[in-house]
Amino acid sequence: MKFLMMIYCDPALLDALPPGEFDTLMRGCFAKADQLRKEGKLLDSQQLELPVQSRTMRVRNGRSTIVDGPFAETKEYLGGFNLIEAEDIAEAERIAAEFPWSRYGSIEVRPVRDMNVVRHRVGAAA
C-alpha cells in the first residue's frame, strides 16, 4: 500500500531550535530517507517552499480568484511530503514516527487511493 506522509511544521518550535540544530535534524532526515529508499519503501520525497510563496486558487460560479498564501490561517504549515510503500497503516505510522518533524510539528499519514480503480469505476479509460 502507498501512504502519503504530509509533514506540517510549527514555525515557533523550529525558530526555538538552538543554532545548527535544524541542519543536524535535516541530515538525520536525509539519512533516514536514504535508508528507506534503499529498502524500496520511499517512493518520493520533497520539501515545499514557505506558505508566503504560495497562491490559493478557487473557481466559484465560473469566476476564478487567486489569493496570496494558503487558504487557512493555521499555526502549522505543510512543509513537505514523503510518499512511501508500507504493508499497512501501522507500519506507515512507525515510519512517520522515526522522522524528527513529528516533534516540531506533525505528520499526517494518509492512504493513497488507487486512481486506476477509480478510473475503472467511473468509466474513464486511459
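Q: What does Glu108 count as, going by its relative accessibility?
A: Glu108 counts as partly exposed, at 27% relative accessibility; please keep in mind throughout that this is a predicted model.

Q: And which side chain does Glu108 meet in a salt bridge?
A: The partner is Arg110, and the N to O distance between the two side chains is 2.5 Å. Arg110 is itself partly exposed, with a relative accessible area of 45%.

Q: How many salt bridges does the count come to?
A: The count comes to five salt bridges, and the one between Glu108 and Arg110 is among them.

Q: Which residue does Lys75 meet in a salt bridge?
A: The side chain of Lys75 meets that of Asp10, with 3.4 Å from N to O. This pair links distant parts of the chain, since Lys75 sits in the loop between strand 4 and strand 5, while Asp10 sits in the loop between strand 1 (2–9) and helix 1 (11–15), 65 residues apart.

Q: Is Asp10 buried or exposed?
A: Asp10 counts as buried, because its relative accessibility is 4% and the cut-off for buried is under 20%.

Q: What about Glu91, which residue does it form a salt bridge with?
A: Glu91 forms a salt bridge with Lys41, and the closest N and O atoms of the two are 2.6 Å apart. Glu91 lies in helix 3 and Lys41 in the loop between helix 2 and strand 2 (42–47), so this pair ties together parts that are 50 residues apart in sequence.

Q: Is Glu91 buried or exposed?
A: Glu91 is buried, with a relative accessible area of 14%, whereas Lys41 counts as partly exposed at 22% relative accessibility.

Q: Switching to aromatics, how many aromatic pairs does the structure hold?
A: The structure holds one aromatic pair. It is made by the rings of Phe22 and Trp101, whose centres are 5.6 Å apart and whose planes stand at 40°, so the pair is tilted.

Q: Why does 40° make that pair tilted?
A: Planes under 30 degrees apart count as stacked and those over 60 as edge-to-face, with the rest counted as tilted, and therefore the 40° between Phe22 and Trp101 gives a tilted pair.

Q: Where do Phe22 and Trp101 lie?
A: Phe22 lies in helix 2 (residues 21–38) and Trp101 in the loop between helix 3 (89–97) and strand 6 (105–111), so the pair ties together parts that are 79 residues apart in sequence. As for accessibility, Trp101 is buried, with a relative accessible area of 7%, while Phe22 is partly exposed at 35%.

Q: Over to Phe81, where is its place?
A: Phe81 has its place in strand 5 (residues 77–85), and at 23% relative accessibility it counts as partly exposed.

Q: Which residues is Phe81 in contact with, apart from neighbours within four places in sequence?
A: Apart from those neighbours, Phe81 is in contact with Leu4, Met5, Ile7, Asp44, Ser45 and Gln46.

Q: New topic: which residues form a nonpolar patch on the surface?
A: The patch is formed by Met57, Val59 and Ile66, which together have about 300 Å² of accessible area. Of these, Ile66 is found in strand 4 (residues 63–68) and is exposed, with a relative accessible area of 59%.

Q: What is phi of Asn61 near?
A: Phi of Asn61 is near 50°, a positive value in a residue other than glycine. Asn61 is found in the loop between strand 3 (55–60) and strand 4, and it is exposed, with a relative accessible area of 85%.

Q: Last one, which residue follows helix 4?
A: Helix 4 is followed by Gly123, whose phi is positive, near 70°. At the start of helix 4 (residues 115–122), a side-chain oxygen of Asp114 reaches to within 2.9 Å of the backbone nitrogen of Asn116.

Conventions. Residues are numbered from 1 along each chain as its sequence is written. This is a predicted model: local features need pLDDT of at least 70, side-chain atom pairs count only at pLDDT 80 or more; totals for chains, interfaces and linings use all residues. Side-chain values use heavy atoms; hydrogens and water are left out. Rings of Phe, Tyr and Trp (its six-membered ring) pair if their centres lie within 6.5 Å; planes under 30 degrees apart count as stacked, over 60 as edge-to-face and the rest as tilted. Helices (H or I, at least four residues) and strands (E, at least two) are DSSP runs, numbered from the N terminus. Buried means under 20% relative accessible area, exposed over 50%, partly exposed in between (1.4 Å probe, protein chains only). Patches are made of residues with over 30% relative accessible area and no salt bridge: like charges are joined within 9 Å, nonpolar side chains (Val, Leu, Ile, Met, Phe, Trp, Tyr) within 5 Å. Accessible areas come from the Shrake-Rupley method with a 1.4 Å probe; for residues, only the protein chains shown count as cover. A salt bridge is a side-chain nitrogen of Lys or Arg within 4 Å of a carboxyl oxygen of Asp or Glu. A polar contact is a pair of N or O atoms within 3.5 Å; within protein, one must be able to donate a hydrogen and the other to accept it, and residues adjacent in sequence count only if both atoms are side-chain atoms. Contact means heavy atoms within 4.5 Å.
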